Amino acid sequence: MAQARPATPPMVVVAQPQRMRSEMGGGFIEAIFGNGGDRDPGYAPLPQQQYIAPPQAAYGNPGSMQQVYASTGPVAGEPPSSQNYPINPVYEKQEVAYQTTEEPGTIIIDTPNKFLYLVEPNGRALRYGVGVGRPGFMWAGTHHVSAKKEWPDWTPPPEMLERQPYLPRHMDGGPTNPLGARAMYLGSTLYRIHGSNEPWTIGTNVSSGCIRMRNADVIDLYGRVKVGAKVVVM
């Protein structure tokens with residue numbers, strides 16, 4: 001018997017015509033959120049800022065860091081162009097020393113430094129590299145994971161189709177869908193932590209508010225995080 005699919009919050013997207021590709025992959029659209037400027041009460045925009053690499057001491061010295069790499073093998077159905085794509089080792093999944101008052105199981109997203117932490121017991125955390133919002137689309141707030149989707153579909157709302165009628169009416173979940181292999185929805189907002197078929201964008205300001213991960217990493221995180229988990233975006 002098929003399990004009922006959890007309700008997915010509506011999404012509003014904007015096309016990037018100059019980056020369109022025939023397969024309509026992750027470069028085809030970027031997600032934007034909100035309705036005419038109204039934001040979820042937990043939303044607070046961050047000022048525009050340039051990324052400055054933090055000193056190594058900010059995340060513990062190399063001796064305190066244990067490499068715990070996610071699978072680097074191909075994700076089923078993922079395009080060859082994104083399989084095993086090399087990225088800066090600092091953005092590989094790894095276990096680190098991390099002091100916080102948040103409970104284990106909490107997700108903390110360090111927007112300026114492009115890291116997502118999954119808090120573990122005893123002052124430790126799993127750290128993943130992420131892509132974050134472009135200047136003007138960065139935000140901060142506290143939410144909870146309200147839904148989880150494997151290979152999520154994308155359906156642009158009527159308001160977006162009216163403004164951009166060339167967008168597809170629906171995209172089934174799959175390797176060319178810009179939401180990637182997994183998506184975790186954040187509270188009543190339209191923000192998501194999701195996969196990407198563009199691993200070269202990890203560690204950059206690239207999205208319109210969503211937190212994107214490599215597909216292998218988002219699959220790993222998805223298996224560790226429960227609906228209701230707290231998410232803190234800084």
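**Exercise 1.** State whether Phe115 and Tyr117 are buried or exposed, and classify their ring pair.

*Solution.* Both Phe115 and Tyr117 are buried, where buried means under 20% relative accessible area, exposed over 50%, and partly exposed in between (1.4 Å probe, protein chains only). The model is predicted: local features need pLDDT of at least 70, side-chain atom pairs count only at pLDDT 80 or more, and totals for chains, interfaces and linings use all residues. Residues are numbered from 1 along each chain as its sequence is written, and side-chain values use heavy atoms, without hydrogens and water.

Next, apply the ring criterion: rings of Phe, Tyr and Trp (its six-membered ring) pair if their centres lie within 6.5 Å; planes under 30 degrees apart count as stacked, over 60 as edge-to-face and the rest as tilted. The centres of Phe115 and Tyr117 are 6.2 Å apart with planes at 65°, so this pair is edge-to-face.

**Exercise 2.** Determine how the rings of Tyr91 and Phe115 are arranged.

*Solution.* The structure holds four aromatic pairs. For Tyr91 and Phe115, the ring centres are 5.7 Å apart and the planes stand at 45°, so the pair is tilted. Both residues, Tyr91 and Phe115, are buried. Finally, ring pairs join Tyr91, Tyr98, Phe115 and Tyr117 into a cluster.

**Exercise 3.** Identify the ring over which the charged end of Arg127 sits.

*Solution.* The criterion requires NZ of Lys or CZ of Arg within 6 Å of the ring centre and within 35 degrees of the ring normal. The charged end of Arg127 sits over the ring of Phe115, 4.0 Å from its centre. Likewise, Arg134 lies over the face of Phe137, at 4.5 Å from the ring centre.
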